[in-house]
Structure formats: C-alpha cells, structure tokens
Amino acid sequence: QVQLVESGGGLVQVGGSLRLSCTDSGRTFSSYAMGWFRQAPGKEREFVAAISRNGILKYYSDSVKGRFTISRDNAKTTVYLQMNSLKPEDTAVYYCAAGPVAATTNQYDYWGQGTQVTVSS
C-alpha cells in the first residue's frame, strides 16, 4: 500500500527557496513513477514535475522549468522538489502522487494530502 506524506512547505519571500519532500511509508516506492502537482485557490490542479521510477527521466511544466528540480531517493522512499527563485504565482498547495508512469496529467493512482507553499512579495 502506498501512503504519501508531503512536508517542507511554508512561507518564503520572493526569490527564496524551499525543498519539498514526499515520503512513502510502503515498500513499493521504487515501483512507481512520481509526480508533483499544485493547486492555487480558485484554480484547477496543475502539473509541476514528474520523475520516472529509476530517476532518469524528468519532466517539468514550462512555468517551473529552470527553477524547480525533481529528484528521488529510492532507498529513503522519498521524492523531492527543490524550488528556487520562487515567485508569488508559485503560491499553492503542492501534492505528490505515485503512478505507473511519469505522466504530466492526473494519471496517478495515489496522492498525498498536500503541503502549503506561500510566496510573499
């Protein structure tokens, strides 16, 4: 069973950095591709980044490319999202997800509860 728990969110100033973590308490983490999504108030959930099971393939939305980096440590059953040069429009609840492929759409089987990221100007 996959159980995802995000952490690392918080309040940061424009231009600052945060690193989100998502840990799976199950034993099958390396069998899943992982994704990060976000949802701002009044908006639909959108894709942020995804990584393949072995960590080789990575995908990013155009809005975060060059600023965010996704990575994973299968030994620690954790996926990370390093966020640099944060902007006010990055403010959202961030969710991690696990699924069979590193998709840019909501094709994931398991979701975390989300962690709030607020970028203040």
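This briefing walks through the aromatic contacts, the disulfide, the salt bridges and a few local features of the structure above. Please keep in mind that the model is predicted. There are 5 aromatic pairs in the count, along with 1 disulfide and 4 salt bridges.

**Aromatic pairs and their cluster**

- The count of aromatic pairs comes to 5, and one of them is the edge-to-face pair of Phe37 and Phe47, with 5.7 Å from centre to centre and 75° between the planes.
- This pair links distant parts of the chain, with Phe37 in strand β4 (residues 33–39) and Phe47 in strand β5 (residues 46–51), 10 residues apart.
- Phe37 and Phe47 are both buried.
- Tyr108 and Trp111 also make a pair: the ring centres lie 6.1 Å apart and the planes meet at 75°, so this one is edge-to-face.
- Why is the Tyr108 and Trp111 pair called edge-to-face? The angle of 75° between the planes is over the 60 degrees that this class asks for.
- Tyr108 has a relative accessibility of 6%, so it counts as buried.
- Trp111, at 26% relative accessibility, counts as partly exposed, because that value falls between the 20% and 50% cut-offs.

**A charge over two rings**

- Which residue lies over the face of Trp111? Arg45 does, at 3.8 Å from the ring centre.
- Arg45 also lies over the face of Tyr95, here at 5.7 Å from the ring centre.

**The disulfide**

- Cys22 and Cys96 are both buried.

**Salt bridges and their network**

- Among the 4 salt bridges found in the whole structure is the one between the side chains of Arg38 and Glu46, at 2.6 Å from N to O.
- Arg38 has 5% relative accessibility and so counts as buried, whereas Glu46, at 34%, counts as partly exposed.
- Asp90 and Arg67 meet in another salt bridge, with 2.8 Å from N to O.
- That bridge links distant parts of the chain, since Asp90 is in the loop between β8 and β9 and Arg67 is in the loop between β6 and β7, 23 residues apart.
- Are Asp90 and Arg67 buried or exposed? Both Asp90 and Arg67 are buried.
- Asp62 is exposed, with a relative accessible area of 69%, because the cut-off for exposed is over 50%.

**A nonpolar surface patch**

- Ile56, Leu57 and Tyr59 make a nonpolar surface patch of about 310 Å².
- Tyr59 belongs to strand β6 (residues 58–60) and is partly exposed, with a relative accessible area of 35%.

- Thr77 is not a glycine, yet its phi is positive at about 45°.
- Thr77 is found in the loop between β7 (68–73) and β8 (78–83), and its relative accessibility of 18% makes it count as buried.
- Where is Ser85 placed? Ser85 is in the loop between β8 and β9.
- Ser85 is another residue other than glycine with a positive phi, near 50°, and at 42% relative accessibility it counts as partly exposed.

Conventions
Residues are numbered from 1 along each chain as its sequence is written. This is a predicted model: local features need pLDDT of at least 70, side-chain atom pairs count only at pLDDT 80 or more; totals for chains, interfaces and linings use all residues. Side-chain values use heavy atoms; hydrogens and water are left out. Rings of Phe, Tyr and Trp (its six-membered ring) pair if their centres lie within 6.5 Å; planes under 30 degrees apart count as stacked, over 60 as edge-to-face and the rest as tilted. Helices (H or I, at least four residues) and strands (E, at least two) are DSSP runs, numbered from the N terminus. Buried means under 20% relative accessible area, exposed over 50%, partly exposed in between (1.4 Å probe, protein chains only). A charge sits over a ring if NZ of Lys or CZ of Arg is within 6 Å of the ring centre and within 35 degrees of the ring normal. Patches are made of residues with over 30% relative accessible area and no salt bridge: like charges are joined within 9 Å, nonpolar side chains (Val, Leu, Ile, Met, Phe, Trp, Tyr) within 5 Å. Accessible areas come from the Shrake-Rupley method with a 1.4 Å probe; for residues, only the protein chains shown count as cover. A disulfide is a pair of cysteine sulfur atoms within 2.5 Å.
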